Structure formats: C-alpha cells, structure tokens
Amino acid sequence: MSSAGHIAALRFGLGPRPDAPPPDDARAWLLAQLDGPPEAMDPPLDWEQDPTLADALALNALDRRNRLPAGERSRGATLYDAEFRSYFARLLTTAAPFRERLVAFWANHLAVSARESPMLPLVGDYVRNAIRPHVLGPFGTLLKAAIRHPAMLTYLNQDSSVGPDSVAGRRSGRGLNENLGREVLELHTLTPAAGYSQGDVTEFARLLTGLTVERNREPLGTFFRSASHEPGDKTVMGKVFPPGEASIDAALDWLAAHPATHRHLALKLARHFVADDPPPTVVERLAGVLRDTGGDLGAVSRELVALPEAWSPPLSKLRSPHDLVIAALRAMGADAGAAPFAATTEFALGQRIWSPTAPKGWPDVADAWIHPEGMLLRLDRMHAISGRFLRRDAREALELALGPLASPGTREAVLRAGSNREALTLLLGSPEFQRR
Amino acid sequence: MTRHLPPLGRRGLLLGLSAGAVLGGARLALGAGPSGDPRLVVVLLRGALDGLAAVQPYGDPALAGLRGPLALAQPGEEEGLLDLGGFFGLHPRLPKLHAMYAANEAIALHAACGPTRSRSHFVAQDMLEIGAEQRLASGWLNRALAGLPGHEEGANRAAFAIGTDLPLIMRGAEPVGMYAPSRSDRPPPDLYAKLMEINHADPLTGPAIQEGLRARGFTAGVLPPDEQRGGFVELAGAAGRLMAAPGGPRVAALEMTGWDTHAGQNGRLRVVLAQLDNGLDALREHLGPAWARTAVLVMTEFGRTARVNGNGGTDHGTGSAAFLLGGAVAGGRVVADWPGLAEGRLYEKRDLMPTLDLRAVAKALLRNHLGLSPAAVAAAFPGSAAIGEKSGLLRA
C-alpha cells in the first residue's frame with residue numbers, strides 16, 4: 001500500500017477525517033486545493049456575517065470607555081472567543097486542509113499575538129483579511145497587507161512611532177519606535193544574514209512613520225498621518241526612498257523581492273514541509289522558484305508538492321501541540337462542536353491559538369516542543385481525547401490516521417490493547433502520531 | 001452492527017458527588033424501607049484477568065510445569081498464596097478479599113467465561129456486557145432494570161455507572177445515571193508502560209517519556225503508593241458512598257483496566273490486584289450497613305493462556321476466575337467445576353477450559369438477589385434458556 005495519500009493528509013494537510021480519508025491521487029488532491037475557490041464558512045457564533053475590522057476596533061473603543069465589572073469577559077475578548085472557535089471549527093472539518101496549513105504557516109511567519117488585551121478582537125480579522133486571501137499570491141502583497149493591518153501596527157507598536165522631525169514629533173517631543181521596522185527586516189523579510197546595520201533599521205523605522213491606527217473617529221482602521229511622517233529621504237541598505245506614504249509600499253515590495261528574503265522564506269517553508277534541518281538543495285530549489293516568479297506563493301506551494309524530499313517516509317516533523325490536537329480530533333471524527341475542547345487542550349500543552357510568545361511566532365523544530373513533562377502531558381491529553389471518543393473504532397482510526405505509516409510495534413499495540421479506549425490512547429500516543 | 005447510544009444514556013443524568021443529589025432523584029422512587037433494598041454492583045475487569053494467577057490452583061499437578069516462573073509461592077511461604085481451602089490460593093496482593101472470604105462474604109468462581117469463545121478483547125467484552133451470543137443494542141444490566149420490582153413507580157432511577165463513559169452493560173432503554181470523576185483522567189500505570197514500550201526506540205519521544213515518567217515518580221512502570229490510592233480505589237469508594245444512602249441507587253457498574261499482562265505479568269499484576277483489593281474494600285467500607293444487602297460481581301472478558309509466554313506474561317485465553325462478594329453472598333467457598341490443567345483438559349490445548357457460564361451467576365443475582373421475575377431474567381438474557389441460574393450463591 002502506498003503511503004503517499006497518508007503523507008499528503010498528514011504532512012501537507014491537518015490529518016485525515018473519516019469523511020476526508022487519505023486521497024488516492026495525493027498530488028492532485030493537494031493541487032486541487034490550491035486551484036479551487038476558497039472554502040465558504042459560517043461567520044463566528046452570534047455574528048450574522050463576518051465581523052469587520054471596524055467592528056473589532058469599535059469593540060475595543062467600547063471596552064476602553066465603558067469598563068465591564070471585574071470578572072466579566074470584555075467585548076473584545078468575547079469576539080476573540082467567537083473568532084477562535086469559528087477558526088477551530090474550520091480546522092476540524094475543512095476539506096481543504098493544505099490550504100489551511102498554508103494560512104497558519106503564513107500567519108505564524110507574520111506573527112501577531114493576542115497576549116495583550118487590545119489585540120484580542122483584532123487577530124481574527126488579521127488572519128481572515130490580511131493573511132488568508134494572500135497565501136497563494138505574491139509575497140509582497142501578503143507582506144503589505146499584514147504590515148498595514150492594525151493588528152500588526154498595534155502588536156509591534158508602530159501606532160506609537162512618530163518621526164522626531166515631523167510636525168507632530170516637533171510639537172510633542174515624541175520619537176521613533178523601531179519595533180516594527182526591526183522585525184520586518186529581521187523576521188519577516190531579510191534576516192540578519194543580509195547584513196543590514198542598525199542605521200538601516202533606524203532608516204526603515206523613519207520610513208514607516210505616519211502609519212498608525214485610527215481608533216476613535218470614523219472610519220476606524222489603518223491610517224497614514226502625514227503630520228507624524230518623518231520628512232526627507234530614507235536610505236535602507238543603499239536604496240533611497242523619498243518621503244511619503246507611497247514609499248512604505250515601495251520599500252515593502254523591494255524587501256519582499258530581495259534574494260535574502262527569498263532564501264529566508266525558502267528555508268522556513270522547507271523546514272515546515274520537509275525537515276527541521278532541510279537539505280540545502282531543497283532550500284535552493286524553493287528560493288529559485290520565488291526568484292523566478294517574483295515571490296509567487298502559489299508557485300512555491302506547488303513546488304512543495306513536487307519536492308521528492310517531502311514525500312519520503314518515515315515522517316520526521318514533530319507535530320506541534322496545535323497540530324497534534326487538530327489531527328487527533330480529526331482522526332476521531334470530531335465535529336465543529338469540539339472547537340472549545342480543542343482550544344483548551346492545546347492551551348494545556350503550551351500553545352494558545354494566535355498567541356505566540358514572541359514576534360518570531362511558534363517554533364517549527366522538534367527541540368522546542370519536546371521535553372519530559374510536556375511529552376507526558378501530550379500522552380495525558382491524548383488519553384483525555386480517547387475518553388471523549390470511546391466509541392470510535394480504534395482499528396478503523398489506526399488505518400485512517402496512520403495506515404501504512406504505522407510501525408509494526410504501534411500496530412500490534414493498538415490491535416492487542418485491552419480496551420478500545422486503551423487502543424485509541426496508544427494510537428494517539430504512538431511515536432508516528434506525534435509526527436507529520 | 002452499529003452501536004447507537006440510547007438518548008437517555010447519552011444525556012447521562014450526571015449525579016453529583018454528594019449522596020444528596022441522588023436522594024433528590026430517588027426519594028419518591030423507592031418508597032418505604034429503602035434501606036432494606038438489595039444492592040448489586042458489577043465490576044468489569046477490562047483486558048482479561050489471568051484467573052490462574054488471581055485464584056491459583058496450586059493443588060493442580062500440572063500448574064508448575066505450565067507456569068514456570070509465574071507460579072506463586074505456596075501458602076505459608078513468604079509472599080505466598082492466601083489459602084482458599086487446600087487446592088486454590090488467592091494471590092498475595094488480595095488480602096482484603098481474603099479477609100472477606102474468611103468472613104464468609106466472598107466466593108471465588110473459577111473456570112468461568114462469558115457467552116463467546118472469542119479471544120478478541122473487543123468482541124468478548126461486548127458479548128459479556130450484552131449477555132448474549134449475538135449482538136444486541138443494549139446491555140444485560142440495563143435490560144434487567146426494566147424488571148426491577150418497583151420499576152413502574154420510578155425505581156429505574158436506581159442505576160448508575162461510574163467512569164467517563166457509560167459501559168455497554170448499562171446501555172439501553174432504561175435511564176442510567178453517571179458519576180464521572182472531576183479530576184484529570186490520566187492513563188493508568190499499565191497504559192503508561194505500553195506507551196513507553198511503543199515509544200522507547202524513538203530518539204525524540206522515547207527519552208522524553210522515560211524521563212517524564214521518572215520525574216513523576218514511576219519506577220519500572222509502577223506508580224508510587226499514594227498514586228495507587230487514586231483511580232479505582234477512589235471510584236469504588238465513591239460508588240459505596242452513593243449507594244449507602246437510604247434510597248440511593250441500587251445497581252452500579254464500575255470498570256477497571258490494566259489486566260492485559262502480555263509481558264512482565266508478575267510485576268504488573270501486583271499493582272492492579274492491590275488496587276482491586278483496596279477498591280473492593282473501600283466499596284465495602286463505604287457501603288456501611290448496606291453491605292449486608294449487597295452483592296458484587298467481579299468479572300473479566302476471558303482468561304489467559306495456561307502457559308507462560310516468552311515475555312514473562314500470558315496471552316489471550318478462555319476460562320478465568322471471577323468473584324462474588326458482599327453480605328448477601330453465601331461466601332467462604334470456591335465455586336468451580338474444576339476441569340484440570342492436564343494437557344488433554346485444556347481448551348484448544350492452551351487455555352483453561354470454561355465450565356461455568358457467567359450468565360448463570362448473573363441470572364442468579366437478578367432472580368434471587370434483586371427479585372426479578374423469571375420472565376424479566378429471560379428478557380435480560382435472551383436466547384439462553386438452557387443456562388440455568390447457578391444455585392446456592394446467596395444467603396437464604
């Protein structure tokens with residue numbers, strides 16, 4: 001039995017479901033997800049249609065003006081809850097899991113975090129409108145949408161950065177906040193390997209001034225305040241940009257097209273879809289596609305599917321807690337109603353949805369997730385999942401979730417377990433199930 | 001066939017920890033003199049208890065040859081069997097059960113088996129709980145509830161199951177309450193050991209699990225003593241408390257895993273048998289005066305091979321041991337039509353030959369302990385007219 005269908009479902013997708021088993025034609029199944037229209041989806045609970053960015057910012061404003069009694073969930077947090085549940089419901093049930101993996105990958109590459117309360121209502125919109133529509137387009141388009149979104153401007157403090165020599169800067173004495181400028185260069189595009197200096201960071205931060213968030217007056221949202229924009233040309237790594245809002249997009253496009261950015265993106269994609277330490281030839285090949293297509297993320301996604309290195313068992317990538325929980329629940333056939341359970345389970349394993357601990361996003365190597373108590377917690381939580389799906393036939397689940405990827409030892413342990421629940425726990429706690 | 005959850009079972013009427021919650025539901029149901037109502041507890045040992053280890057026929061001449069290193073020390077020796085009258089001995093980790101035996105409150109049943117001869121856990125457990133040789137959508141204990149005296153007045157509130165899921169034996173048309181432990185539901189020690197086993201060769205997960213288990217106080221897959229107090233012991237004690245209340249539930253089902261001892265059986269059994277022993281004692285203790293009117297049936301889906309295997313364990317077999325205990329039981333005896341362990345006497349030349357159908361025991365409990373009519377007993381165990389009630393198990 002070929003393992004290609006399972007590899008497609010595990011490595012590229014989110015794990016098989018009873019109603020979405022491993023495909024017969026693995027590559028065609030993946031490519032169809034890239035070519036098809038995006039999946040339609042119900043709006044979050046209690047919303048008739050998807051909340052807009054203006055809705056989110058209005059809730060934030062309301063929370064600031066009318067504080068709720070202690071112990072009550074703020075309006076922003078309530079929207080966050082509805083958003084993540086709707087997102088989890090999609091992950092649990094989607095028929096286009098490769099596409100969802102790409103959405104999560106790029107959202108993690110351009111990470112924002114809901115760890116601070118003003119961020120709570122913004123992250124759902126960020127993923128829906130800044131990330132999701134652009135994961136198969138030019139990287140520059142994705143980068144601009146992400147950097148200009150109020151979630152990113154708030155998270156990395158761009159909203160408080162003021163050009164020191166701008167009208168507002170001279171009047172208020174306020175100055176630059178380099179946070180966003182530095183992270184764009186370091187994390188989102190070039191990386192320090194490109195050899196930029198502190199001077200380049202400062203210049204790029206000066207270039208970004210004026211970009212801020214309007215939180216009080218309609219229309220709410222991202223807005224360019226010229227009075228805060230630093231006058232004069234800015235020189236980033238030798239490239240000169242004139243003053244004005246247009247230079248922000250121009251600089252982001254220039255960074256997106258830089259060879260160092262392509263290498264960086266290629267390495268991260270290879271690490272996610274091939275191995276923690278991917279072969280340099282794979283990175284070169286992906287970087288080449290980005291270079292030749294002007295950073296086309298759809299083209300590089302197709303190239304991932306074509307990589308022989310992405311298809312060789314045994315699968316080596318350790319599932320993050322998030323991936324593990326989603327895959328386990330999909331294997332059990334969980335429906336959208338399991339969304340809150342999924343969220344609390346992965347939170348218990350150290351990964352809270354949309355809330356990485358740093359702008360670098362969640363780590364994508366095994367070492368970051370493997371530690372003794374964490375590993376036992378994984379087993380405990382997998383046992384909790386098997387307790388919730390006691391009537392799920394373990395033998396069926398084994399064939400669905402691992403099939404030919406199951407080692408003889410795992411297969412025998414599952415088939416000879418003393419009870420169906422024990423068999424399910426052994427399946428979900430097997431070394432193969434920890435991988436994708 | 002598929003196993004649909006009965007709607008009421010799925011809703012699982014959750015009983016609180018306090019007996020008060022149960023009282024609230026049951027006070028009208030049982031009417032006057034409820035403390036006199038009989039109590040029935042069924043304990044399912046999932047994974048196949050090795051009956052030859054739990055109740056060892058040390059007097060059988062073939063035993064030592066079959067069991068080799070798994071044979072236990074003779075009664076009177078250090079860590080020796082607890083004698084049950086000269087031929088059988090109780091495993092040394094069952095001292096409290098032995099004390100009940102000595103007080104004429106426990107019967108050891110031997111060479112017993114459920115309705116099937118399957119060596120599949122799944123099939124055999126299902127049939128043991130269904131109580132028939134073919135699949136039905138409900139369990140025999142649930143069907144029995146319909147025949148409980150006082151059923152029309154609402155005595156169907158009389159049953160509950162303990163654990164995270166309603167076992168098949170309790171599934172069916174009759175509503176059954178559930179008591180679920182609130183604390184986190186960790187794998188039992190035996191399952192951790194199996195998880196370690198399938199992960200040990202993995203360079204990432206193997207060392208992490210090994211170190212994690214060590215940090216949590218496991219040594220060689222065995223839980224530290226205070227952890228042993230949890231799990232089944234706690235649940236059995238809770239069941240006793242719930243059932244002790246006047247008008248409390250009359251019928252309960254509990255389950256315990258960890259019996260599938262394919263390797264290193266002696267070490268593993270010591271842990272689970274001690275838990276079982278402590279749990280049954282906690283049940284007795286918490287039932288208080290109601291113990292006098294209680295019968296507890298402890299049974300497993302099948303036994304294990306008569307011979308030790310290559311890993312110091314035993315594989316799936318057929319006949320096993322079971323226990324019947326409680327103040328209502330005419331105890332102090334081993335009840336067995338002993339087939340013997342000689343080569344020619346083994347079932348398919350490998351397992352203890354079953355000579356007692358557990359349905360005969362269950363029927364006796366329904367008829368003579370709970371007071372079901374013959375028709376109601378027949379409805380609980382359809383298609384088994386040839387299997388009569390086992391007589392003499394209960395006090396007159």
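A residue is buried if 20 or more other C-beta atoms lie within 10 Å of its own, exposed if 12 or fewer, and partly exposed in between, with C-beta atoms placed from the backbone. Keep that rule at hand for the tour. The model is predicted; local features need pLDDT of at least 70, side-chain atom pairs count only at pLDDT 80 or more, and totals for chains, interfaces and linings use all residues. Residues are numbered from 1 along each chain as its sequence is written, while chains are lettered from A and ligands numbered from 1 in the order in which they are written.

**Stop 1: chain B as a whole**

Select chain B. Of its 396 residues, 56% are buried. Colour by secondary structure next. Chain B has 14 helices and twelve strands. Here helices (H or I, at least four residues) and strands (E, at least two) are DSSP runs, numbered from the N terminus. Now think about contacts: two residues are in contact if their C-beta atoms, placed from the backbone, lie within 7 Å. Take the contacts in chain B between residues at least 6 apart in sequence; 76% of these join residues at least 24 apart.

**Stop 2: two places in chain B**

Select G85(B). This residue sits in the loop between β3 (82-83) and β4 (89-90) of chain B. Is G85(B) buried or exposed? G85(B) counts as exposed, with 12 C-beta neighbours inside 10 Å. Along the sequence, G85(B) and V334(B) are 249 residues apart, yet in space they are 8.2 Å apart, C-alpha to C-alpha.

Move to K349(B). Look for it in the loop between β11 (333-335) and β12 (356-357) of chain B. Its phi is positive, near 60 degrees, and K349(B) is a residue other than glycine. K349(B) counts as exposed, with 10 C-beta neighbours inside 10 Å.

**Stop 3: where the chains meet**

Show both chains. The contact takes 28 residues from chain A and 31 residues from chain B. On the chain A side, α18 (372-388), α20 (408-415) and α21 (420-428) each supply at least two residues. Which helix gives the most to this side? It is α18(A), with nine residues. By class, the side of chain A that touches chain B has twelve nonpolar (Ala, Val, Leu, Ile, Met, Phe, Trp, Tyr, Cys and Pro), four charged (Asp, Glu, Lys and Arg) and twelve polar residues (the others, Gly among them).

**Stop 4: a helix with a buried face**

Select helix α2 (residues 26-35) of chain A. Its buried residues are A26(A), W29(A), L30(A) and Q33(A). Look down the axis of α2(A): these buried residues fall within an arc of 95 degrees, so they line one face of the helix. The arc is that of the directions from the helix axis to the C-beta atoms. An α-helix has 3.6 residues a turn, so residues three or four places apart point the same way. On the other side of α2(A), A28(A) and D35(A) are exposed. What covers the buried residues includes α1 (4-12), α5 (97-109) and α15 (297-306) of chain A.

**Stop 5: loops of chain A**

Go to D46(A), in the loop between α2 and α3 (53-65) of chain A. D46(A) is not a glycine, although its phi is positive, about 75 degrees. D46(A) is exposed, with 10 other C-beta atoms within 10 Å.

Next, select P219(A), in the loop between β1 (211-214) and β2 (221-224) of chain A. The peptide bond from E218(A) to P219(A) is cis, with omega near -10 degrees.

Finish at P314(A), in the loop between α15 and α16 (321-332) of chain A. A cis peptide bond joins P313(A) and P314(A), with omega about -5 degrees.
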